[in-house]
Each structure stands twice: as C-alpha cells, then as structure tokens.
Amino acid sequence: MAVATLTIDLNAIADNWRALDAKSAAKVETAAVVKADGYGLDAGRVSKALHQAGVRTFFVAVAEEGIAVRKAVGQDAVIYVFSGCCDGDAPILKAHNLIPLLNSPEQVNTYLPGSAPFGIQLDSGMNRLGMEPAAFAALKDRIVKATPSLIMSHLACADEPDHPQNAAQLAAFHAMTDGLTTRKSLSATGGTLLGADYHFDLNRPGVGLYGGAPFTQAKAAVRLSIPVIQTRAVAVGETVGYGAKWQAKRPSKTATIASGYADGLIRAMGNGTVHLYAGDTPCPLIGRVSMDLITVDVTDLDSVPDSLDLLNPLQTIDHLADAAGTIGYEILTSLGARYNRVYKG
Ligand SMILES: *Cc1c(COP(=O)(O)O)cnc(C)c1O
C-alpha cells in the first residue's frame with residue numbers, strides 16, 4: 001500500500017475531554033467544539049465518541065456542519081452554531097434542531113420573532129463575531145424576554161495567560177452580562193486553563209480535545225504512518241530533492257516515503273527540525289517536501305521499517321506546526337483526504 005495511515009485515537013480524545021472537564025468545578029459544563037469536521041478528524045465519529053464519554057453540548061461553525069453531528073449524537077444533545085443564522089439557514093436549523101448563536105442586531109431582528117431556541121454571541125473585544133456592547137444594550141430587554149439558552153463570548157489571547165486582553169475581555173463580558181440569569185460561556189481551551197474566573201457555566205474546548213496546545217497535558221490523538229516506497233544509497237556530495245537543498249556529507253541511505261504537501265504536510269516544515277520515527281528512533285526529514293513525497297535520512301537505522309511515523313506522541317501536531325511557522329489547528333485541519341483513516345476506540 002502506498003498511502004499513509006492516519007490513526008485517530010477516539011479514546012485519547014475522550015480522555016482529553018475528561019481531563020479538561022476536571023479543570024473546572026462540577027457545576028461547570030464542559031462542551032465540545034467539533035467545527036471544521038471535528039478539526040479534520042471526522043465530526044460524526046468524534047461527536048459520537050464524546051457523546052458516549054458524556055458530552056451533551058456541541059458547537060459547530062456553520063449550520064451545515066450540524067447535520068452530521070446531530071446524526072451522530074441523536075436527539076438528547078444540544079448543538080450550537082457559532083455563525084448564528086445566516087441567509088437560508090433557518091430550514092436547516094429547524095430540521096436538525098440546531099441552535100444559532102445570534103451575532104448581530106440583524107440576526108436578532110430576523111430570528112427572534114419566532115419561538116425557536118437561540119443563544120447570543122457577544123463581542124467582548126476580539127472584534128470578530130458577536131454583538132457589540134452598545135448594540136446588545138439596546139436589545140437586551142427584548143433578548144432576555146425571549147429567554148436565550150446561552151450567552152457567550154470568545155477570548156482572543158487565552159493561549160497567552162499573561163496577556164492583558166484576557167482580563168479586559170473578562171471585565172467586558174461581566175459588564176455586559178452581570179445580573180442576567182441566562183447560562184454564560186466565555187472560554188475555549190485556553191480560557192479553560194486560565195482558571196475559575198473564566199469558567200462561568202460552560203466551557204467550549206476544541207483544540208485541547210484533539211491533543212493541541214495550549215493544553216500541554218493532552219494525549220496525542222493522531223498518529224501518521226507513512227509507507228516507505230524506495231530506499232537508496234547516496235554518495236558524499238550528491239543531493240536530494242527539488243532545489244538540491246540537501247547534500248550528503250557522509251555515505252548515506254535515504255528513504256522516500258509517500259506523503260507530501262498535497263496531503264497537508266506543510267512545505268515550510270522541511271527546514272531541518274522535523275523527524276520521521278522508526279519506532280522511537282528519530283530520522284531527519286531531508287530536502288524539500290514535494291507534492292506526494294518526502295525524503296528521510298535513514299543512514300543510522302539498522303533496518304528500514306515498512307513505514308515511518310511523522311505524527312506520534314514524540315512528535316505532535318505542535319512540533320510540526322512550530323517547524324512550519326503555523327499552529328497545531330492548521331496541521332489538523334490540513335490533514336489530507338488521501339490517507340487511509342483508522343479509528344481506535
Ligand atoms: C474555535 C472556537 C472555540 C474552540 O477553540 P479552541 O481554541 O480550539 O479550544 C470556542 N469558541 C469559539 C467561538 C470558537 O470559534
């Protein structure tokens with residue numbers, strides 16, 4: 001077989017949820033964010049595993065994503081849609097019992113006259129989605145009377161615990177919501193780790209469930225094993241790959257393995273800090289990442305295995321992200337369609 005195998009550990013994802021849930025008081029609900037197809041790992045399978053672990057509230061980015069989640073979790077879970085209710089969404093929300101997080105006076109005005117459940121998303125300083133304080137103040141009485149099931153906002157800098165914007169957004173959220181009895185939510189993974197002041201009634205972790213920073217204690221949820229399709233001897237002075245960027249300084253043995261940037265392996269990661277693992281033994285990635293192939297220096301291995309691991313507990317999505325100048329979220333959501341996907345748990 002010449003395609004790589006991506007093994008997704010649903011038990012690790014459930015364990016990460018339990019570990020994040022344990023960071024907050026028992027009265028605080030821990031939900032799960034499964035947008036972008038469950039951060040690229042299959043929203044249906046991930047949601048089903050998390051539902052079995054006890055998750056009863058899920059979040060997706062757009063209404064269409066809620067369909068697969070509803071199918072996976074049945075009717076006894078709540079599914080919120082971050083983008084609220086955009087043009088044409090109402091029939092989807094209704095058919096699949098999804099709750100929009102209304103973001104603007106326009107969304108409130110078009111959605112509220114009905115009796116369907118809704119939540120409210122406020123802007124506490126990120127300036128991305130959500131109602132501004134003044135707009136919310138103007139509509140607050142009407143909104144409260146219509147009994148939203150959740151009022152939420154989102155932190156821009158929660159992955160940097162010392163960033164002053166965390167406290168500023170916390171204060172802004174308090175100023176907008178103190179005194180309301182509606183359930184409240186401010187925190188994703190980063191805010192969950194900032195402590196109880198940030199917890200309110202419900203936390204909404206995403207990336208930490210999938211093994212990513214800033215939840216450094218997370219279990220790795222993905223393993224990527226890439227088959228070796230050729231090995232060769234490379235003499236001193238010979239080069240490997242596009243641009244002849246790697247040159248052998250000793251008699252070398254290289255392995256060519258079957259994944260590349262078309263599989264979401266970001267080309268910029270080929271800068272000398274990424275390894276392919278033969279069991280626990282790291283072998284350097286050498287030369288440029290091609291569309292379908294990468295090359296590995298396996299000179300120091302006694303024998304070359306059938307496949308080498310790019311992602312494992314020793315080299316996580318965040319290692320690859322650092323090497324490529326990106327974040328673990330992008331490594332996950334880029335993982336390719338070509339992989340043979342195997343689900344554990
Ligand atoms: C993506 C997202 C989350 C989850 O964030 P993580 O950093 O992945 O935990 C929570 N809330 C909102 C509004 C989001 O957009």
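This is a predicted model: local features need pLDDT of at least 70, side-chain atom pairs count only at pLDDT 80 or more; totals for chains, interfaces and linings use all residues.

User: Which residues lie nearest the centre of the largest pocket, and which helices supply its lining?

Analyst: The lining comprises 36 residues, with Lys35, Tyr39, His154, Ala188 and Tyr329 nearest the centre. Helix 2 (35-39), helix 9 (189-194), helix 10 (317-324) and helix 11 (328-334) each contribute at least two lining residues. By class, the lining holds 20 nonpolar, 10 polar and six charged residues.

User: Which residues are closest to the ligand, and which atoms lie by its oxygen atoms?

Analyst: The ligand is surrounded by 14 residues, the closest being Lys35, Tyr39, Thr189, Val207 and Tyr329. Eight residues of this shell are nonpolar, three polar and three charged. Thr189 places a polar side-chain atom 2.5 Å from a ligand oxygen atom, and a side-chain N or O atom of Tyr329 is 2.6 Å from a ligand oxygen atom. Val207 instead uses a backbone N or O atom, at 2.7 Å from an oxygen atom of the ligand. Of the 390 Å² that the ligand exposes when taken alone, the protein buries 92%.

User: What volume does the second largest pocket have, and which helices supply its lining?

Analyst: The second largest pocket has a volume of about 210 Å³. Helix 1 (10-21) and helix 3 (43-53) each supply at least two of its lining residues, and the lining includes Asp15, Arg18, Arg45 and Lys48.

Technical notes. Residues are numbered from 1 along each chain as its sequence is written. Side-chain values use heavy atoms; hydrogens and water are left out. A residue is near a molecule or strand if one of its heavy atoms lies within 4 Å of it. A polar contact is a pair of N or O atoms within 3.5 Å; within protein, one must be able to donate a hydrogen and the other to accept it, and residues adjacent in sequence count only if both atoms are side-chain atoms. Accessible areas come from the Shrake-Rupley method with a 1.4 Å probe; for residues, only the protein chains shown count as cover. Ala, Val, Leu, Ile, Met, Phe, Trp, Tyr, Cys and Pro count as nonpolar, Asp, Glu, Lys and Arg as charged, and the others, Gly among them, as polar. On a 1 Å grid over the protein atoms alone, a cavity is a set of points where a 1.4 Å probe fits but cannot get out, and a pocket is an open set with protein on both sides within 12 Å along at least five of seven lines; lining residues have an atom within 4 Å of a point. Helices (H or I, at least four residues) and strands (E, at least two) are DSSP runs, numbered from the N terminus. Grid points are joined across faces, edges and corners, and a volume is the space filled by probe spheres set on the points.
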